[in-house]
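Keep the viewer open as you read.

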Amino acid sequence: ATSVKTRKAVTVLTYLHGLKEAQLVMDDLKVKGLDIDLIELRTLKPLDMETIRESLQRTNKLCILDESTKSGGVGATISSRVSEELFDLLDAPVMRLCMSDAPVPYASSMEKAVVKRGSDLVKGVIELCG
């Protein structure tokens, strides 16, 4: 893909609701000349490090779209593993799009304000590729 050759692509790891959010913004990113190599995380143990490695060999940038909090969340664990095992493939620090370290609100209207969305992913990809 042209976007990979021009260094305008990012590996995106996500799961559950994040997958839908990422799929919704893929066309918006293409219009901006950017692309994502989207990986749906189906299991954390075992974590498919080979698929992540193959993607990072193409993109050299990683963004984790995560529904959990910054400390102790899924993204923290994945970021740690990637930094330990695949550091040489990264051209930039791992970007984690996740909730702040605060209790998750029960009300769905408030939850929408703290859980990262596709629009946050677009901003993150632009930042990584900029």
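Asp-37 and Arg-58 form a salt bridge, with their closest N and O atoms 2.4 Å apart. In this predicted model, Asp-37 belongs to strand β2 and Arg-58 to helix α3, so the pair ties together parts that are 21 residues apart in sequence. Arg-58 is partly exposed, at a relative accessible area of 41%.

By the rule used here, the count comes to six salt bridges. Another one of them joins Lys-30 to Asp-35, where the closest N and O atoms are 3.2 Å apart.

Strands of a sheet pair through backbone hydrogen bonds, either parallel or antiparallel. Here four strands make an open sheet in the order β2-β1-β3-β4, with parallel pairing. Its edge strands, β2 (35-40) and β4 (95-99), each pair on one side only. From one strand to the next, the twist averages 20 degrees. Strand β1 (residues 9-14) pairs with strand β3 (residues 62-69) over three bridges, and Thr-11 has Leu-62 of β3 as its bridge partner.

Helix α4 (residues 74-85) packs on this sheet and touches β1, β3 and β4. The direction of α4 makes about 150 degrees with that of β3.

Which residues bring α3 and α4 into contact? The axes of α3 (residues 49-59) and α4 come within 12 Å and cross at roughly 65 degrees, and the crossing is right-handed. From α3 the contact takes Met-49, Ile-52, Arg-53 and Leu-56, and from α4 it takes Arg-81, Val-82 and Glu-85. These residues divide into four nonpolar, no polar and three charged.

Two of the α4 contact residues, Arg-81 and Glu-85, also meet each other in a salt bridge, at 2.7 Å from N to O. They are separated by about one helical turn, because they lie four residues apart in helix α4. Arg-81 is partly exposed at 29% relative accessible area, and Glu-85 is partly exposed too, at 38%.

One last stop is Glu-21, in helix α2 (residues 17-31). Is this residue buried or exposed? Glu-21 counts as buried because its relative accessibility is 11%. Leaving aside residues up to four places away in sequence, Glu-21 touches Leu-65, Arg-117 and Gly-118.

Conventions:
Residues numbered from 1 in each chain as written. Predicted model: local features only at pLDDT ≥ 70, side-chain atom pairs only at ≥ 80, totals over all residues. Heavy atoms only, no water. Pairing = 2+ DSSP bridges. Axes fitted to C-alpha atoms, helices over the stretch in contact; angles between N-to-C directions. Contact = heavy atoms within 4.5 Å. Left-handed = near helix turned anticlockwise from the far one by under 90°. Nonpolar A, V, L, I, M, F, W, Y, C, P; charged D, E, K, R; others polar. Buried < 20%, exposed > 50% of the residue type's maximum accessible area, 1.4 Å probe, protein only. Salt bridge = Lys/Arg side-chain N within 4 Å of Asp/Glu carboxyl O.
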